[in-house]
Amino acid sequence: MAECLSHLTLSPSPTKMASLTGTSSSRLLPSVYRARISLSSSSSASSYLSPLSLSSSSSYSLSPLKCLRSSPLLPHFFLNQKRSSMSTVAAASDPAQLKSAREDIKVRIGWHDAGTYNKNIEEWPKRGGANGSLRFEIELKHGANAGLVNALNLLQPIKDKYSGVTYADLFQLASATAIEEAGGPKIPMKYGRVDVSAPEQCPEEGRLPSAGPPKPADHLREIFYRMGLNDQEIVALSGAHTLGRSRPDRSGWGKPETKYTKNGPGAPGGQSWTVEWLKFDNSYFKDIKERRDEDLLVLPTDAVIFEDPSFKVYAEKYAEDQEAFFKDYAEAHAKLSNLGAKFDPPQGIVLDGVAGEKFVAAN
């Protein structure tokens, strides 16, 4: 799970496949973020997803997006970071722009931003978490974030359009909508996350999980317990692997191509965890349990959810009961998106009248 969740995938909603000809992905956790963007060029920058894909709302066209191939926005992106990092004042989001930005973007890189949280550190931003630090080059170069620069290059024009929305909120804003549009549950989100202002505030490398550790169960618990998550939440979040695919040239995992990915959408190739890898449902748990199809990916951190006694209780439950999976996933996703965040206003900004649980720093 760690591996897939740290990847980002640029992918269309099932009903919009025909309009997408380029795909970009990242690596490990489950928080899917997409920005419905109409692409006119293919991209080789695909890896795999889990709950965290980038698509863009049709109301804001970013085509042609040749940046997916050659990353022409890279100098522009990092130049902007240098400019913005000159300010020593932490920034918060503008509520009105948040509502508009939500209609334009659905990006899936929130895991990489939030997944660095350490509950044993109280001070912000040293505790890590959802604070927008992922936008800085030093953190993008972390091994677990390989390929995410392609997503950030796509995201930058949207950030330019909604300058009053922080990166921390922008990274999380898309997750709930992406999950919902892919057929999943509605995530109770809140916003108002404050951005860090300089690369010196980025967390050290090594806080995100890996896909093939020697002891998968111990590794998952070490990473997720550090964030304050439990076994149920680990398994529920793993279910986001129902979306996306992995590319061996980017993550080191998966096949170059399968019968389910050879025709795209987007750049062909990679290996998915499920047959319908653009649909959010409980098929991940069913496929991992049965393991009858060699064209479907099973990482060590996937297999362990049916091998570890405690994980297995929840994995079996979700394989049989999609409604139960949706309920637990929505709660875990909302909790993950708030990890380590500093909110302004303190109570956060609610767009739909329903907010997730309040983040409380460790003592």
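The protein exposes about 13,400 Å², of which carbon and sulfur atoms supply 50%; accessible areas come from the Shrake-Rupley method with a 1.4 Å probe, and for residues only the protein chains shown count as cover. The model is a predicted one, in which local features need pLDDT of at least 70 and side-chain atom pairs count only at pLDDT 80 or more, while totals for chains, interfaces and linings use all residues. Residues are numbered from 1 along each chain as its sequence is written, and side-chain values use heavy atoms, with hydrogens and water left out.

Of the 363 residues in the protein, 62% are buried; buried means under 20% relative accessible area, exposed over 50%, and partly exposed in between (1.4 Å probe, protein chains only). The secondary structure comprises 15 helices and four strands, where helices (H or I, at least four residues) and strands (E, at least two) are DSSP runs numbered from the N terminus.

**Helix 7**

Helix 7 covers residues 148–161, and its 14 residues should span 20 Å at 1.5 Å a residue; the end C-alpha atoms are 20 Å apart, which agrees. The expected span is 1.5 Å times one less than the number of residues. At Leu155 helix 7 bends by about 35°, and a proline, Pro157, follows within four residues. The bend at a residue is the angle between axes fitted to the seven residues ending there and the seven starting there.

Because 10 of its 14 residues are buried, helix 7 is largely enclosed by the rest of the structure. Among the buried residues are Leu148, Leu152, Leu155 and Ile158, as well as the polar Asn150 and Asn153. Gln156, also in helix 7, is buried with a relative accessible area of 1%. Its side chain is joined to that of Asp160 by a polar contact of 2.8 Å (a pair of N or O atoms within 3.5 Å; within protein, one must be able to donate a hydrogen and the other to accept it, and residues adjacent in sequence count only if both atoms are side-chain atoms).

Ala146 lies in the loop between helix 6 (137–140) and helix 7, and at 25% relative accessibility it counts as partly exposed. Ala146 and Arg250 are 104 residues apart in sequence, yet their C-alpha atoms are 7.0 Å apart in space.

**Aromatic residues**

The protein has 10 aromatic pairs. Rings of Phe, Tyr and Trp (its six-membered ring) pair if their centres lie within 6.5 Å; planes under 30 degrees apart count as stacked, over 60 as edge-to-face and the rest as tilted. Two of the pairs are tabulated.

| Pair | Centre distance | Plane angle | Class |
|---|---|---|---|
| Phe280 and Tyr329 | 5.0 Å | 55° | tilted |
| Phe325 and Tyr329 | 5.9 Å | 55° | tilted |

Phe325 and Tyr329 both lie in helix 15, four residues apart, about one turn of the helix. Phe325 has a relative accessible area of 0%, and for Tyr329 the value is 0%. Ring pairs link Phe280, Tyr284, Phe285, Tyr318, Phe325, Phe326 and Tyr329 into a cluster.

Charged groups also sit over rings. Lys190 lies over the face of Phe343, at 4.4 Å from the ring centre, and Arg221 lies over the face of Phe311, at 4.2 Å from the ring centre. The criterion is that NZ of Lys or CZ of Arg is within 6 Å of the ring centre and within 35 degrees of the ring normal.
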